[in-house]
Amino acid sequence: TGLLLHSGLAADADGVPLGLLHQHQWARDPAAAGQRRARRRRATAEKESQRWLDALAATHAALPPGTRAVTVADREADIFDLFALPRPAGSDLLVRAAHNRRVDHEARYLWDAVAAAPPGGLLAVGRGPARAPREAVLTLRVAPLALLPPRHHPRRRELAPIPVAAVLAEEPAPPPGEAPIRWLLLTTRPVATAEAAAECVRWYALRWLVERYHYALKQGCRVEGLQLRSAARLERALA
């Protein structure tokens, strides 16, 4: 069935790629197919989601002491255990929300809580990997919240609420025929000003860099067409 690849790519705040911090390759076990219904009751360490926790630990190990880092990830990384993972000083998360989580707010759920926040500013962002090049003007809303442990979590009684800032970036007037941008971001960084919220959105927009890296592997290096006899050889070819 081939190998899957998870990469941790470092970039500076201006979007200049600095190199790889971590890569993980794995193959899915055909015998594990059909377990999707039970996945919520399984520990993260027993699922592919563990790769996000391992990548964060590898990032901490690879960076020089004292380096400030923000780990930016898409909706696959919206995992309570990732937010609950201990991090050294100067390490924060910036993750696009996938789940309408329970929060400590009178609205009770994440999307409703953020939608109740007043608009806090405007931001223009450029092109992305899934849309034609254009500049989009986004309205920002920010809500300081705490994520509550999921009801189905096997260690729910042991887990404490996790303070985060939720930043909702919405495009009120997209061009005709274009789907509006709507990003709900969760970050462990303090977001006390409109400028800080805008910075989070700009950093999330840099996530497309890792998509371009994988595109270069597939289309430039043609790694999917390699006819090698073992996973170990494929891993060396990726290197």
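Visitor: Let's begin with R101, then; where is it?
Guide: R101 sits in the loop between β4 and α3, where helices (H or I, at least four residues) and strands (E, at least two) are DSSP runs numbered from the N terminus. Before going further, please keep in mind that this is a predicted model, in which local features need pLDDT of at least 70 and side-chain atom pairs count only at pLDDT 80 or more, while totals for chains, interfaces and linings use all residues. Residues are numbered from 1 along each chain as its sequence is written, and side-chain values use heavy atoms, with hydrogens and water left out.

Visitor: Is R101 buried or exposed?
Guide: R101 is buried, because its relative accessible area is 10%, and buried means under 20%, exposed over 50% and partly exposed in between, with a 1.4 Å probe and protein chains only.

Visitor: What does its side chain reach?
Guide: The side chain of R101 reaches the backbone oxygen of D78, at 2.8 Å. Not counting residues up to four places away in sequence, R101 touches D78, I79, F80, R108, Y109, L110, L147 and P150, a contact being heavy atoms within 4.5 Å.

Visitor: R108 is on that list; what is its phi?
Guide: Phi of R108 is near 80 degrees, a positive value in a residue other than glycine, and R108 lies in the loop between β4 and α3 (110–115). R222 also has a positive phi without being glycine, near 55 degrees; R222 is in the loop between α5 (208–220) and α6 (231–238) and is exposed, with a relative accessible area of 51%.

Visitor: Changing topic: what about L168?
Guide: L168 belongs to strand β7 (residues 162–170) and is buried, with a relative accessible area of 1%. Leaving aside neighbours within four places in sequence, L168 is in contact with W111, V114, T139, L140, R141, R182, W183 and L184. L168 and V114 are 54 residues apart along the chain, and their C-alpha atoms are separated by 6.9 Å.

Visitor: And which way do β7 and β8 pair?
Guide: β7 and β8 pair in the antiparallel sense over 6 bridges, where pairing requires that DSSP finds at least two bridges between two strands. V167 stands opposite L185 in β8.

Visitor: What else can you say about β8?
Guide: Strand β8 (residues 182–187) is mostly covered, with 5 of its 6 residues buried. β8 also runs antiparallel to β4, the two being joined by 3 bridges, and in β8 the bridge partner of V95 is L186.

Visitor: How many residues does α1 have, and what does it pack against?
Guide: Helix α1 (residues 50–62) has 13 residues and reaches 18 Å from its first C-alpha to its last, close to the 18 Å expected at 1.5 Å a residue, the expected span being 1.5 Å times one less than the number of residues. R51, W52, L53, A55, L56, A58 and T59 are buried in α1, and the buried residues of α1 pack against β1 (4–11), β2 (17–26), β3 (69–73), α2 (80–84) and β4 (91–96).

Visitor: Finally, what does the whole chain look like?
Guide: The secondary structure of the chain comes to 6 helices and 8 strands, running β-β-α-β-α-β-α-β-β-β-β-α-α-α from the N terminus on. Of the 239 residues in the chain, 38% are buried, and among contacts between residues at least 6 apart in sequence, 52% join residues at least 24 apart.

Terms used: Polar contact = N/O pair within 3.5 Å; in protein donor to acceptor, adjacent residues only side chain to side chain.
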